[in-house]
Amino acid sequence: MPVLAVAGAFLHSNTSIGEQLAKRLPGWSVVKSTDEAARAAEVAVCWNQPPGTWEHLRAVRMAHSIGAGVDHLLGDPALPDVPVCRVIDDDLARRMAEYVLWCTLYYHRGFDIVARNQREKIWQRPPNRLAGQVSVGVMGLGQIGAHLATTLRDAGYDVRGWSRSGKPIDGVRVHGGDAGLGAFLGELEILVCMLPLTSETTGILGHELFARLRPGAKLVHCGRGPQLREQDLVAALDAGQLGGAIVDVFDQEPLPPDNALWAHPKVMVTPHMAAVMPIPEVVNQIAENCERLLANAPLLRVVERAAGY
Ligand code: NDP
Ligand code: OXD
């Protein structure tokens, strides 16, 4: 019987993905990655797998993320040379677009200002502009980011985008690579980060980047925690270089109670909730790839390891 090992702490903490995979794959033995039986595992299903995982799982032929991100796998120097797959679907991108649209409207229509004013009982209308007068930039135009850009465009916003290749998107002003970053950032009112975590994007949201934005610009961060230098964010907010931030992902999750972002008046903390894929869909996508592996059929949603995402 083929063996599947489940490794790490899970995104969807209340649900045992192992139990659901076992139901969906009755011909497989589903074990924990630390079990003795995991030594024979052909598949590792991972989220922040603990150190030592790969020394134990020497028979693995496929590593599968339970999320869209694969940084926990590709950033692991002990990861063996096997295909790495992720889960992704159109609904995940739609969920993310709902979150980002809400954040954009929140800043565009000045809900941040009236929420602060309410505490002081101040009756004052914030500026009332049409979406077309508000420039929003999306960093990362992949499966999710491209959908964000077109959703914002269809809602009437003046949308800019930035990616490695600068691949065009209809109705969006797209810039590419390091050379395009300055032109992308310079005119933005709201910056949305939807980048994967790689060696190039680690720490990208820091002092140097904030200084290239228009004073008072807002940040919406839904990529990965280590892309944001939290101290630089606090400094930029306190100096007025940034006008506000909504942050969904953090270096340490759950965000520790003593983290300064919890109490900062210009920060909204959300608990890595921007887009969550339903467990049955995650299980289906993983199971489908397990079946393909056994049948020697091409795997789906394989990431390009050389690109780092
Ligand atoms: P994709 O891999 O489909 O796309 C990545 C995009 O980022 C591409 O457009 C790519 O450029 C661009 N990119 C990568 N590296 C660079 C770089 N150095 N400079 C400029 N652009 C770069 O990713 P997804 O859209 O599926 O997801 C993005 C990330 O979102 C995930 O990796 C995950 O970390 C995060 N995520 C967060 C969630 C949340 O709830 N907060 C939920 C799901 C995902 P190019 O087009 O040229 O290849
Ligand atoms: C993911 C995430 O990568 O939720 O799917 O961040």
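Two strands are said to pair if DSSP finds at least two bridges between them, and the strands themselves are DSSP runs (E, at least two residues), as helices are (H or I, at least four residues), with numbering from the N terminus. Every view shows a predicted model, in which local features need pLDDT of at least 70 and side-chain atom pairs count only at pLDDT 80 or more, while totals for chains, interfaces and linings use all residues. Residues are numbered from 1 along each chain as its sequence is written, chains are lettered from A and ligands numbered from 1 in the order in which they are written, and side-chain values use heavy atoms, with hydrogens and water left out.

**View 1. An open sheet of 5 strands, with parallel pairing.**
Reading across the sheet, the strands follow the order β2-β1-β3-β4-β5. At the edges are β2 (29–32) and β5 (84–85), each of which pairs on one side only. Within the sheet, β1 (residues 3–8) runs parallel to β3 and is joined to it by 5 bridges, with Gly-8 having Trp-47 of β3 as its bridge partner. On to β4 (residues 62–65), β3 again pairs in the parallel sense, here over 4 bridges, and Ala-44 has Ala-63 in β4 as its bridge partner. Finally, 2 bridges join β4 to β5 in parallel, and His-64 can be found opposite Cys-85 of β5.

**View 2. The strand β3 and the directions of its side chains.**

**View 3. The surroundings of ligand 1.**
A residue is near a ligand if one of its heavy atoms lies within 4 Å of it, and 29 residues surround ligand 1, the closest being Arg-86, Leu-141, Ile-144, Ser-165 and Tyr-309. Sorted by class, this shell holds 14 nonpolar, 10 polar and 5 charged residues; here Ala, Val, Leu, Ile, Met, Phe, Trp, Tyr, Cys and Pro count as nonpolar, Asp, Glu, Lys and Arg as charged, and the others, Gly among them, as polar. At least three residues of the shell come from each of domain 1 (3–89 + 277–294) and domain 2 (92–269), with bounds taken from an automatic or database domain assignment.

**View 4. Polar atoms beside ligand 1.**
A polar contact with a ligand is a pair of N or O atoms within 3.5 Å. An oxygen atom of ligand 1 lies 2.8 Å from a polar side-chain atom of Arg-86, while a nitrogen atom of the ligand is 3.0 Å from a polar backbone atom of Arg-164, and a nitrogen atom is 3.1 Å from a polar backbone atom of Cys-222. On its own, ligand 1 has 940 Å² of accessible area, of which the protein covers 91%; such areas come from the Shrake-Rupley method with a 1.4 Å probe.

**View 5. The surroundings of ligand 2.**
Around ligand 2 there are 8 residues, the closest of which are Gly-67, Ala-68, Gly-69, Arg-224 and His-272, and by class the shell has 4 nonpolar, 3 polar and 1 charged residues. Oxygen atoms of the ligand take part in the contacts shown: a backbone N or O atom of Gly-69 lies at 2.7 Å, a polar side-chain atom of Arg-224 at 2.7 Å, and a polar side-chain atom of His-272 at 2.6 Å. The protein covers 86% of the 210 Å² of accessible area that ligand 2 has on its own.

**View 6. Backbone details at Pro-254, Asn-296 and Arg-301.**
Glu-253 and Pro-254 are joined by a cis peptide bond, with omega about -5°, and Pro-254 sits in the loop between β11 (242–247) and β12 (267–269). In the segment after α10 (279–294) lies Asn-296, which has a positive phi of about 55° although it is not a glycine; Asn-296 counts as exposed because its relative accessibility is 65%. Arg-301, also in the segment after α10, is a residue other than glycine with a positive phi near 55°, and Arg-301 counts as partly exposed because its relative accessibility is 21%.

Note on methods:
A polar contact is a pair of N or O atoms within 3.5 Å; within protein, one must be able to donate a hydrogen and the other to accept it, and residues adjacent in sequence count only if both atoms are side-chain atoms. Buried means under 20% relative accessible area, exposed over 50%, partly exposed in between (1.4 Å probe, protein chains only).
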